[in-house]
Every structure is written in structure tokens, then in C-alpha cells.
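Hi,

Here is the structure I promised to pass on.

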Protein chains: 4
Amino acid sequence: MQLDMNARGVFVIAPTPFAPDGALDLASTDRMVEAYLAAGASGLTILGIMGEAPKLDAAEAVEFTACVLRRVGGRVPVVVGVSSPGFASMRALARSAMEAGAAGVMIAPTPGLRGDEAVVSYIAQAAVAVGDAPYVLQDYPQANGIFMSVEMIRRMAEDPRLVMLKAEDWPGLDKITALRRLSEEGRMRRISILGGLGGQFLPEELARGADGIMTGYGVPEMLVRVCELMAKGEREAAQDLFDLHLPLIRTELQPGLGLAVRKYVLMRRGIIASDALRAPGPKLSAETRAEVDYLLGRLAARDPAVTL
Amino acid sequence: MQLDMNARGVFVIAPTPFAPDGALDLASTDRMVEAYLAAGASGLTILGIMGEAPKLDAAEAVEFTACVLRRVGGRVPVVVGVSSPGFASMRALARSAMEAGAAGVMIAPTPGLRGDEAVVSYIAQAAVAVGDAPYVLQDYPQANGIFMSVEMIRRMAEDPRLVMLKAEDWPGLDKITALRRLSEEGRMRRISILGGLGGQFLPEELARGADGIMTGYGVPEMLVRVCELMAKGEREAAQDLFDLHLPLIRTELQPGLGLAVRKYVLMRRGIIASDALRAPGPKLSAETRAEVDYLLGRLAARDPAVTL
Amino acid sequence: MQLDMNARGVFVIAPTPFAPDGALDLASTDRMVEAYLAAGASGLTILGIMGEAPKLDAAEAVEFTACVLRRVGGRVPVVVGVSSPGFASMRALARSAMEAGAAGVMIAPTPGLRGDEAVVSYIAQAAVAVGDAPYVLQDYPQANGIFMSVEMIRRMAEDPRLVMLKAEDWPGLDKITALRRLSEEGRMRRISILGGLGGQFLPEELARGADGIMTGYGVPEMLVRVCELMAKGEREAAQDLFDLHLPLIRTELQPGLGLAVRKYVLMRRGIIASDALRAPGPKLSAETRAEVDYLLGRLAARDPAVTL
Amino acid sequence: MQLDMNARGVFVIAPTPFAPDGALDLASTDRMVEAYLAAGASGLTILGIMGEAPKLDAAEAVEFTACVLRRVGGRVPVVVGVSSPGFASMRALARSAMEAGAAGVMIAPTPGLRGDEAVVSYIAQAAVAVGDAPYVLQDYPQANGIFMSVEMIRRMAEDPRLVMLKAEDWPGLDKITALRRLSEEGRMRRISILGGLGGQFLPEELARGADGIMTGYGVPEMLVRVCELMAKGEREAAQDLFDLHLPLIRTELQPGLGLAVRKYVLMRRGIIASDALRAPGPKLSAETRAEVDYLLGRLAARDPAVTL
């Protein structure tokens, strides 16, 4: 199964579960995969920024990828992040991921590129590095400091192996609209566009033409149902459901702390055994945990899909 | 009336209203002041980051300040932002604001300071520059790149003219808790702490010990009522009301676009005549305006205090 | 006298002399102007980054500009920096400078612009703001974080009022070569290109096709003579002279400290009365002053043009 | 042989030689090691920022380290860079380097740390991660955005395994003076301090109290002789020699381009076979190569130690 430009729905970005001592927790990984599929995920994404990928050594990255792919067993496509300081290691990562059964890889421009042409050229070289793999282009200026204009993305999309854009420029809704317009006018190849930004603009992203979302929000059931409701034209119901979850989304969006919150939510929901991050990483204070508990309690009381 | 360490409630950060041609709009300024006071504001803050202060010339800043102070007429304290590249101009701005009747001034560390000591020393020099004026210390690393630890703020607060902290580190809730704990343990002078960050963490900020909030959210009535409900211990009611507004808060938080959204909200609510920003500045797309209209419509249907 | 695309030679960037108490020192300003002209300056530039412009109030900027222009008395063109957060104040600054007799203004992209198009568009708007004034485009990514490609500069140069590029990208020599090649091939309007970067690449800049340099090195006599020697094809003699001065150039290039070193050099040479910077600003340690003295002593022993 | 606080002289930072196809070039590595030792190096440093370490996979890093250590054969201490996003991999890198015979490791604060305490705490954790290894603390704010004050370094130096500071804050000379003063006054453990910054302030660093320098300038013979001359009190002779090389040092300091220049110099001197960098990386233009050739020619004519 290879990722293609018709991909849609919710691609859940999976964290990497660790035991409290920092060891890979593959039992939690299996349980997490099942929970995401049960929630209705259309795909999974691993080893992205939220997967603590740089804290894994090469053997661990291979082991974790194999574990996820084995458990998924072809039920949904799995995208593997392969960002790397050198194209040689990007090539190695992409090859091993695709050989293990990944559906595609995800790449992003490296920090420090200067000017539009340098970014377009970097992505062209990265596309060569990942070989035959279909790839997702991640547009996330907050993380890497690289802005990609509509015109730049249009040019990059001339490569047929660029099948998906993970759109998380902030603000970025007008960019989704502009890209969709270009495709409708026949001036740009149509690609799959998934939103991001932790889910905080999901209804607007879908209304602007996104095909779904790729994010790691701790209650992906909501993302799936909002996509379904929007697809049926039930905007008010979608917004009602979304609004219930926005306080927790906001809590997960705090820079440097968000992943710890997300892992805590997954642990509280019984999906992973420990909310441990590998060092160096933040720890949640008792007050923060109590705030998350409070929000989860409110959600459980209002959204039948949320059980604790 | 001078600002002191007992200040509490909602200090609304006011934008600077312009006519479509960029001229100061003093009629809208008067109307805006009345709207904020009618909403229950405990104070106003002008010429901050959200007030397009760097786009005003010196005469305009004086004129706008005078207009606001005249209209307020001493009903609530007015804080004036005086950040400036040089201490000489900071001194001049602070003196003219206080002579015109301001209750205090707001200062922030300048970008590029290196190390904790340099920041503490900068603020000490700025405190000399603003003379006798009570001052608000703005803790806003996202805007200026300067981190201030709990210990640094404790030291700065040894100056009795530092009467208030505008707390908008992100994440910053644990910092509020730590500062309050220091004061309770007698190891730090108690100062007023107001939250910020566009209001997105208002219930948590208050629960952590903030005395209120200083922000410019376009529907400050909500901020006032959440403060009141929290003060009465009605946490659930406060959260219910807050949650209704969070989607619009989120829309106002988009970097580079937020002030344009906020001015559009104020215009739609009949408070200012035009949502014009001075150039260079963003313009809202038709799609974005429609999204804001949609959220305002939902709010009007759910919160009786919101009329359009 | 208006700046035009044939400008060449050494445009000295002048600091703003202050008395130890921070007051404008106009007597030193007069002496400094005469010293620069005696050194062979082809032009002067004032109120740039090195002129502490943001620390002057509007009246002081006008007074200083008038003082310099009066003293220059039309002997050489004077460029005035007009960068400003808003186009309204940029317009006012440019108009008052040109009315006072400036030969042109200098503009630079504002920090935070996203993508090539945003930069090109910003400069086009700034060009409107400065009205009829010929302008210098400053290409200085180290200071403002904005990269400008050869193609972007080519497009900007379609505006006939863009008469000069201050080229201080780092590294930037290949950019000078590429721009010159475009002009030779008839694909770009020829403009004046002056180097910068404190003078540290002067021989290479000239060899690549620059028409001179715009910088504030404390011994501008060297800059003038290197330009003359290079124009006569005496590369070895130019390099010999340049190499003598490179240690002092290097000392002036230290970020955050360079202007203090430069003012100290000018004071030691008897050109300005005090090396005071306006607060906040660095002070030279005794050790640093001794190091500068040592380098000046070596220069005086080796370069007959350097007297102390 | 373990690195200790008495280390002094020139520690040459070695690049990683590649064949034009990107493969590790171990023959050149051997030749390079011999050249550095022949030049008088007191130590070598590998896998630092200039060693393209992030572009090596784990097996290559081990292979290259083993090759260098085997060739050095205990003649001088070898320091291995072990910076890593996670402490787990830092631990693994440090252990394997020390087991292979390294004399110590080099660590630096990770980008994004907020406030002095966070930096001190990070280094304390990193020190635990590297186990028994003596370590070099790299102070290089330009590269990682982390400022370390004199007081912070004093506190870090309470750990006896911190044996050396690589001092390359810019400007940083007053910091060397302040650290030395603290040690002389008995308020700080004395550690080895080596300068850096490409060698551009070598005479001043030594005069301020540095024990030598750790940098990768392409003609390390000069660094060695300047250290010797300064140790003998021959400041003028040291400066004369240094000044000859400063133009080439300056050319090697260009951000993003410097390593390419340095490898080109080493290739031109017959030390490595190819100046190839791993992709993505810059290529020198013909003009830049000619400029380097010109400077090398001048050096060869003036400094008998430079042969081509």
C-alpha cells in the first residue's frame, strides 16, 4: 500500500511510548496502534517531531517502525518521518522504512535555508534522496523557520511523488484556500492536503478544502467525527463537538510542554502505560496534571466517546 | 490615581483606532473607551504591542493618550506602554504619560539581552528611566525572546514601584504558582499578577493565583464575568462561559493576523468605525471575515452579553 | 545634488556623536564631517544602524541631519537612513531629509517578512513611501533576518529610483558577481553597488565589481586608498595596505561592541570629543581599550596616513 | 591518557574527509592526522560542528573515531564531540569514544533552553550522561543561541570533570579575563581555557589568559607558532605572524561557507584528497577558489612555514 494524492481522513501522529526508565515500550505501542485504529484513524504517522525521533538511536527507530507496521498489518497507511541533517541518512531512513512496509515518508525543509529558491531546491534534492517513496511535504514554519509560499508549493507539487501537504503554517487557512483554487483552475496538480496545528483549526481547515488532518491530539475520536460531520455538511454539529474539545487542544499546544500533556492524556485513557519522555524533557507539575484531569472529566461528562 | 500592587480585574488592552486613510480616529476612541468601561474593565492599557505604538509619531502618541485619559476621566487607571530602544525616550514617554494622568507605565526587556543578569540590570535601568511612575513588568518571551525566571522576577520585585506583572510566558501557569508561593512564604513582595496570552488560559491563570487579566480580547465582557465567577468559586460556570468564547479567542491569537481580527470584531460590534491597520499590516480575506462572522453569530446565540 | 546609479567611492557611515551626558555633540559632528571629507569620502551616510538612530527623538534626528548637511554644504552627497516600523513615519522622515538637502535615503526590509514575494512587495511599498527620493537598498540579512536573492534584487532594480545597493550579505561576494553579470548581459539595470560588512572584504568586493564601499571603519583613509589602488590595478599594493588594517577592522566587527570600538577610535584620533553611546549600550573595558590602543599604535608605525 | 585541566597549546578541530562521492576517506584521515601532529598540535578534536558529525551515521562515526585514534596512537589527546538531542545517545557516544581511547568529550548546551538555571541544569545532566569522561564545555552562543555568564561557568566548573572551556563567545575576551581573575582570587577552580572563533582573536585570547586555542584553521602551524611566541613574551613577532594569516582566517569565517573554504585549503596543501562536503552543503565558486588561491600564494611568499 502506497500513499497517494487521494488520501483523506485523520492521520494520527503517534508518540513513541517509553517505560519510566526510558526504554522503548512496545506493548504500549501495540495498544496505542489498536486504539488509534479503533478511533477511526485513516493512517498513522510516526517518528515526526512529536515522536521524539531525534532521541532514538538508529536501531531503536528501526525496531519501533517494525513494531508499528507489524501491528497495523496493512489496515491503514503508515507515514514515517525521515528528516535528517544529511541526505545520505535521509536516503537510508527512507529506504528502510519503505522496505519495512511504510506507505510513504514525510520531509520538511531544513532550518537556515535562505530564500525561496533554496527551499524549492532543497526539497527537490530531498525527493531524490527518498527514492521511489511517495512523500508528504510538511509546511511548519513555527518549527523550522522556513516559509513556503503558495507558488513554491505549486512548483514542488510538479513532482508526482509529492502526494500530500501537511499544512501547518500559522496562520495558514488562506493558503489552503489558495492552493485549492489553483488546482480547481487547473494551474496546479491536485494533492492531498491535511491540516495540523494540533487540531485547533480543524473545522476551518476542512471548510477551506483540506482532505482531513494529520495531528496527534490525545482524543482522535473527535477529529474523526468532526471530519465525518463536516463531510455530511453538518457544520453546526461539527463545531459543537469541536468546541467541547478545544480547551484540551489548547492545553496540548503549549510549546515545550505539549507532548508531555499528550502522553499524560494517553496514559489517563489507558492507551499507554507511562507518560515518560526521554531526557531532556519537561515533567508536568501536579497542578498541570490536575488541570488536564479536570478538562478530561468535563469531556467525559459531555462527549460519550470519551471514556476514562 | 496611581497603579498599585492591589490592582485586580480586567485591564483591557486597547487598540489604536484608525480611519481607513490611516488617520487617528478619536471619535471611535471615545466610543471604545465607553464600551470597555461598560463591559466592566478595571483598567485600560494603551500603546502596547497591540496598539500599533511604533507606527505612531510622537505627536500622535501624545494626542491619543490625552484623548483616552480625558474620556476615562479618572474612572479607572490607565497604563501606558513606554518600551523604547533608548532610555532617554523611555524617560520622555513616561514623564509625558504620567503628567497627562496615566496611573502607571508598562516596560519589557529589550530583545537581545544576554543572560539573567543583563535582563535584571536592564529592568533596573528602565525603572530609573521611568522616574516616579509605578510600572508593570511585561513577561512575554514569545514577543521579545527574553526569558525571565521566577527568581529573576522575585529580585525585580524588590523595587516597590514594580506593582504588577503582566504574565504571558507560554507556558507560564507554573510560574504564576511559583511566584504566589514565594509571596505566601514571605520570600517575595506580593505584587499584582495579571494574566495575558489573549485570554486563552484565563480560568487556569485565576486558579493559579492571578488577580485578573490584561488582554485585548474583542469581547471583554466575558473576561470580566469569568473573573467574577471564579472569585465566587463558580468554577464550572466560569469554564462554561469561557469555553463558549475560546474559538474566537483562538482566532484572535494567530500571529501577525490577530490584531486585524480583533479590530474586525470591534468594528462588527459597533465599537470602532473601521478595522483599518496602519501599513504595513495584514488584511483579512473574505473567508476569514466570514469565519469570524460565523463565530460571532454562534456567540450571540449562546451568550446573552454578546450583541451584534 | 541627487544620488544616482553612478555613485562610487567611499560613503562613510557616520556615528552620531554624543557628549558624556548623552546630549547631541554638534561641535564633534562638524569636526567629524570635515575629517571624513579630508579622508576622501565620496559621500556620507547618517542615521543608519550604526548611527544610534532609534535612540534619537524626532527633533534630534532633524537637528543632527541639518547639522551634517549644513557642514557638508553640498560637497558630497549625504544619504539618510529612514527605516521605520510604519510607512507613514518613513514618508515623513524621507520628506524632511530630502527637503533639508539629502541626496537620497536608505531603506531595508523589515524583520519578519515571510517569503521572497513579501520582501519584494515591502520594498515596493517603501519606495512609494519615500516619494521622489532616490534610494539605497540595504541587503543586510545578519541584521534583519531577511535574505534577498539575486533575482529579487534584479526585480527591485526595475524601479529607476533604486540607484544603489549596499551589499552586506555574509557571505555575499558571489552575489555581487552575479548581479554584475546580469547587468553586463543586459538582463538587469545597472545600479551602483557598494560593499559593507565593516570593510572586511573590501579588496574582494571591488574585484567582484563593486563601485566602492559604504561602511564606518574608523580609519576611512584606508578605504579610500584601497579603492584608488584597486582602480589603478595595483592589487598587491591594495592588499598590503588592507592587510595592515584588518586587525582593527576585525576588532570593530564584534557584535554589540563594534560601535563602541569605532567611537573610541574616532575619539583617539581626535575626531570626536567623547566615545559615549546612549544608554542602553556597552562600555569598553580597560583591557579592550588597551588592545585598540595597541593596534592603533602598530598602524601608526606602519601606515603614514594614520596619525594619533 | 585523559584530558585534564592543565591542557594547553593548539587543539586542532579536524574536519571529516570525504571522497567526491561522499564516502569516508580514511586515507586522507591518516594523512590529515599526521599533518596536524607535524604542525605541532597538542591535541585533536573530532566530530564537532565543523566535522559534519550530524551527516555521519552511527557506524561511520565509530569508524572515523577509531581511524583517528589508531593513527594518533596516543601521541596527543583526542577530544570527541558528543552533542546529541537526547542524553541516552550522548551517553552511548561518550562511552564508545572513551572505550576507543578518546581523552575526553565535548558538550554544549542544547538550543532553546530558557534562563541561566536551565542551562546550568542541562550541563549537569549532560555531565552525568557522559559518565566518567573528562569534558570540554563549549561556549558558542552564535551556534546555539545560549549565553553563559561568567557566574554560570564558575558554577559549572565546580564539577571536577569539567576540565576545559572552549571559549568562543563573540565578543568574549572580557569573559576570559573575568574567569581568570576569579581563579586567581580563589573563587573558581582553575580550568583549561582554549580560545576559538576560527583563530581570529588568538593573540588577544592568549594575552587575556587562555592556555591555547581549539580551532580548525587550515594552517595550524601559525596557531602553534603564535602560541609559542606569546609564551616567550614576543608579542610583536606573534602579532606580525598572526596578521599575515588574518585575511585567510577571515575568509574561513564566512557562515555556511567556511568549512568548504577550510577543506579547500587542506586539499590545496595536499593534506586531504578532496574538498567534498556531504550534501546538503555549499560549493565554492571559481571566483572564491581563486581568491583563496591568491591569499595562499601571498602567505607562501611571506611565511616560510606555508608550502603549497
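A polar contact here is a pair of N or O atoms within 3.5 Å; within protein, one must be able to donate a hydrogen and the other to accept it, and residues adjacent in sequence count only if both atoms are side-chain atoms. By that rule, 22 residue pairs are in polar contact across the interface of chain B and chain A (both at pLDDT 80 or more).

Some housekeeping: this is a predicted model, where local features need pLDDT of at least 70 and side-chain atom pairs count only at pLDDT 80 or more, while totals for chains, interfaces and linings use all residues. Residues are numbered from 1 along each chain as its sequence is written, chains are lettered from A in the order in which they are written, and side-chain values use heavy atoms, with hydrogens and water left out.

Now the salt bridges (a side-chain nitrogen of Lys or Arg within 4 Å of a carboxyl oxygen of Asp or Glu): there are 16 between chain B and chain A. One to look up is Arg181(B) with Glu287(A), at 3.0 Å from N to O.

Which helix of chain B gives the most to the side that touches chain A? Helix 10 does, with 10 residues (helices are DSSP runs of H or I, at least four residues, numbered from the N terminus).

As for contact (heavy atoms within 4.5 Å), 32 residues from chain B and 32 residues from chain A take part. The copies meet through the same surface, because 100% of the interface residues of chain B are also interface residues in chain A.

Cheers

Key. Helix = DSSP H or I, 4+ residues; strand = E, 2+ residues; numbered from the N terminus.
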